[in-house]
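My notes follow the structure.

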Amino acid sequence: MGEPAQLQIGAAGDHALRITLKPQGYDMESYGHIVFEDREKTEYTIDITELRGNLTETINGLEVHVSTNPLTVTVTNEEGIMIQQLVFDDEGNVSFAIDEPPILGLGEGGPKPEKDANWREHDIEFDRKGRLHKMIPRWQATAYGSRNPVSMLVGTGGWGLWMVTPWGQIDLSSDSTGVYSPITPEQGFYIQQNQKNQQENTGKGIPPKYINGLYDIYVFDGHDPKALMKDISTISGPAIMPPKWTMGYMQSHRTLETDEEMMDIVNTFREKEIPMDAVIYLGTGFTPVGWNTEQPSFEFNPEVFKKSPEKVIDEMHSKNAKVVLHVVPWDRDRLETLHGSIPPKEGEEVDSSHILTHWKEHVPLMNMGVDAFWPDEGDWFNLFERLNRHKMYYQGPLSTKPNLRPWSLHRNGYLGIAQWGGWIWSGDTDSSWKTLEGQIAVGINSSLSLSPFWGSDIGGFYPNEEYTAELFTRWFQFGAFCPSFRSHGRTWWTHLPWGWGLDERGPLETRTPPLESEMNNNTIEPITKAYAELRYQLLPYNYTLTWEARDKGLPMMRALWLHHPNDSKAKAIGDEYLWGEKMLIAPIFEKGATGRNVYLPEGTWYDWWTGESLEGGKTIQKEVDLSVMPIYISAGAIIPMDPIRQYTDEKVDEPTTIKVWSGADGTFELYTDDGKTLDYLDGTYSLTKFQWNDAKKTMTIVAGKGENIEKEFVIELMPTSERKQVSYSGDSVLVSF
């Protein structure tokens, strides 16, 4: 753009490059992007302010070729295959190469329907190609929920691209070239600090500053998808381990009557033996009567709590239920610019907007026994403030209760929040079959480019006549295979696992409640109970997936492409996904469905419900009734399952069953730790490796890490269910079938 510039290119991760173009003399660290605030500085192999001719260097195993007029950076791998080509033009735009396969990622959410458009008739966007992405964060209902854009593109053809700075639009309408165009102050998006609240704000969700001529871009070799995800995790910050109880079911409440009613719900879960780990309470103002006085407030509502809040919380804890409270931030008169660290770093001004000051308002609640928070709203915060809010709900609880893992659930986020335990839910969606379909694609793309921990409101938030017992059941089945397994929405009694069996709908909170004729349906509760029980049986498997998110950067909810990168059909499928590597989930999202087309990648697959063996590489038709959501298991899969628990911390007498599906060799590393503390950061955890040799029909068990701990396992060979019990004490054990 006519100003003297400096180009820097260095290694990032194991298979990626960081490319920085900036005004000469500008200190990149002074930009202060919060995602990287505690990272080591990048060492740049190329660092030039002038180039005559061309320049070629090998960096991180990738060949980098730089040329001028216009400035062009071409990256190829060791096989000579081009990974990406960035072209910086005089207008400030950056073009990049697009290939034929789908482009995924770009954060959470999807397109904004045109006004008065019937979004229920639109195709769901999974592949991001084909349109201009304005990348404006927003609240949205419809099929997609809130939009949390992240300029992280996952090219399933073998590349990745993260444009960290500046904030910009991404045009993917061309078949061959994408264009990244900075959003500048002249466009009015950087007016941040003088609005009182979210309704008045015009610049919500984007960075607080723009530096003309500053670009910070990461290029990834994505030919090995697992290596790509590891690099994304390393660069943006590895996920922290969640407390184990977050793998359980969470029941959200809305309009409250009394503390006795609150306790009755907890007791009903225990009496019905429907597993549950947490109850979540909305704040007053977001519902007619909530846990507190009018939001934003940290005071318990005297209309609800006839007993002391401490006593009510203690009673819930005695029933092994965690307590999570919905909170919203103050407006700008109290939080002018959310900033800082806990504890404060040297030189930080601890003013009214410092996160320590804001966190101190939460401390009395934690001291009463509140276990976690659901920070809602905050849409008016700029990007750095949104990230600081995630940081506050990680560092704050640790400052109050050291070494006890925090958890919080947010509507706003960006790539990098996983380092502070960032969990995202898709916001206030409509109750519809199209929304249920859309949430599958949203969850996959969000998991690739924002956080490995995502979920939606089971049943959808805004009810209508389309919200039926059937829709709730199908959504509950899907939710059992999402990181966040949580039911929430208006007419909240119908979001209880037994709610559709009641003869009344409870507090309506809407002009469009579900039909009264849908009530008194006693077929729903047994189905929801069965899927809740399955979720708890899979606890050792699911908890290991949270470790894989930290250790390998792999999300729990995975695009088929992640483990089948050479399958062109698998790349384009956004209505089914892998739960881990070898468990395929195909949610039902059509009303009255009696069958479901399911694509199985190459290899041998087993029907979870019947044990039927099927050859992949094709689409099959699975017959279903309301109790069945298609689940398929790949040959060679090793899946640990526990007896049914009523809460994740419940002790069980029977041993863990290691189910192995014959037909191929397989390996699985089972992760265990205390599920509560940060001791895992010091290496206090265990990995037990299971290796299946299909030809010899033998299972080898060997300690991968950790102390020798005596344990009983049952090895079950599927689909025959032949079983062997084995005692394991940390030494290698061979089990033969």
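I worked on a 1 Å grid over the protein atoms alone, where a pocket is an open set of points that a 1.4 Å probe fits, with protein on both sides within 12 Å along at least five of seven lines, and lining residues have an atom within 4 Å of a point. Points are joined across faces, edges and corners, and a volume is the space filled by probe spheres set on them. This is a predicted model, with local features needing pLDDT of at least 70 and side-chain atom pairs pLDDT 80 or more, while totals for chains, interfaces and linings use all residues. Residues are numbered from 1 along each chain as its sequence is written, and side-chain values use heavy atoms, without hydrogens or water.

I found about 950 Å³ of space in the largest pocket. Its lining has 44 residues, and K244, T648, D649, D674 and K676 lie nearest the centre. Elements giving two or more residues to this lining include α6 (383-400) and α10 (539-552); helices are DSSP runs (H or I, at least four residues), numbered from the N terminus.

Helix. I then checked α10, which has 14 residues. W547 and E548 are among the buried ones. G553 follows α10 and has a positive phi, near 75°.

Is Q646 buried or exposed? Q646 counts as buried, at 15% relative accessibility. I noted that its side chain reaches the backbone nitrogen of I274 at 3.4 Å.

Notes. The expected span of a helix is 1.5 Å times one less than its number of residues. Buried means under 20% relative accessible area, exposed over 50%, partly exposed in between (1.4 Å probe, protein chains only). A polar contact is a pair of N or O atoms within 3.5 Å; within protein, one must be able to donate a hydrogen and the other to accept it, and residues adjacent in sequence count only if both atoms are side-chain atoms.
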